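Please look over the model shown here before reading the questions about its overall form and one of its residues.

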Amino acid sequence: MAEPVLPPRPSLLVPRLWPMWLALAAMCFGARLPWGLQRALGRLIGAFALRAASQRRRAARINLALCFPEKSEAEREALLRDSFRDLGIGFFEFARAWWGEVAPMRRTVRIEGLDRLDEVRAAGRGVLMISGHFMTLEMCGRLMCDHLPLAGMYRKHRNPVMEWAVKRGRLRYAAAMFTNEEIRPAMRHLKQGGFLWYAPDQDMRGKDTVFAPFFGVPAATITATHQFARLSGCAVVPFFHRREGADYVLRVGAPLAGFPSSDATQDSTRVNAEIEAMVREAPSQYLWIHRRFKRRPPGMRSPYKKPAPDQDAENAKA
């Protein structure tokens, strides 16, 4: 289990870190606003970010062109606006999950498929619950912790104040938190029959990656899901979550049959297909601003490189 998070060390209180403390204070204040007001403010913040964050807007636009070539440009632009709106709401969901009250969400949340874990639990196997980077991940992770002793895995933050805040916020409800460098403790958690939430849908730039299709586009994909299942004997279970208006839907899928195989690329392709299905169900709630396709197979150029115009993004698939 992860160690409990202690009060801030004196080294976290130096003047150069004060701006981050001010930002966290604003998040803490925002976490306590009424949920309806949070959604309204989130939509405004998202609209502002759409205009102000030009590099992230460009990355999201390219991703949408790559992943939804069948949609018209007008349809993709509408999806882009919706995704930034949900990004703004997601800011308040993160804040509320860490420091706010989630009783209103508990009254309306709908959870499907929890019974699918009964057989796995009875066998004493650990469960790796795979999902994607959706705006709702923090709130829905907290809501799922009401029903499962769920631990989480995350990428360690460079800013020490943010790292302290993330662990302090999440350990209010999570069974444990492991950084992506703490592989052995995470593996031990699974071997002991624990539940671990993991999102393998970003380019982690590690050496243990393969190129597997995501929306038909080769994407550098970490093989950790294959390795966790192979070494710990855990079940791999899709975990999808989305917001419907002011309510939430959480769904636990059936354990992936025949997983792992002997082929890490084949297994990574299966995982990407599961996450792709989740994205297609709630596309505006996915984190499109991440440059998912930055690393490419030999001979293929990055679609994000300038001066390539945005409208050429679809050609990068070739």
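This is a predicted model: local features need pLDDT of at least 70, side-chain atom pairs count only at pLDDT 80 or more; totals for chains, interfaces and linings use all residues.

Residues are numbered from 1 along each chain as its sequence is written, and side-chain values use heavy atoms, with hydrogens and water left out.

Q: What radius of gyration does the chain have, beside that of a compact globule with 318 residues?
A: The radius is taken over C-alpha atoms, and the globule rule is 2.2 Å times the number of residues to the power 0.38. For 318 residues this rule gives a value near 20 Å, which agrees with that of the chain, 20 Å.

Q: Is Ser284 buried or exposed?
A: Residues are called buried under 20% relative accessible area, exposed over 50%, and partly exposed in between, using a 1.4 Å probe and protein chains only. Ser284 lies in the segment after helix H11 (264-281), a helix being a DSSP run of H or I with at least four residues, numbered from the N terminus. Because its relative accessibility is 13%, Ser284 counts as buried.

Q: Which side chain forms a polar contact of 2.6 Å with that of Ser284?
A: Contact means heavy atoms within 4.5 Å, and, leaving aside neighbours within four places in sequence, Ser284 is in contact with residues including Leu79, Asp82 and Met135. A polar contact is a pair of N or O atoms within 3.5 Å; within protein, one must be able to donate a hydrogen and the other to accept it, and residues adjacent in sequence count only if both atoms are side-chain atoms. At 2.6 Å, the partner of the Ser284 side chain is that of Asp86.

Q: What share of the 318 residues in the chain is buried?
A: The C-alpha atoms fill a box of roughly 50 × 50 × 40 Å, taken along the principal axes. Among the 318 residues of the chain, the buried share is 50%.

Conventions: Helices (H or I, at least four residues) and strands (E, at least two) are DSSP runs, numbered from the N terminus.
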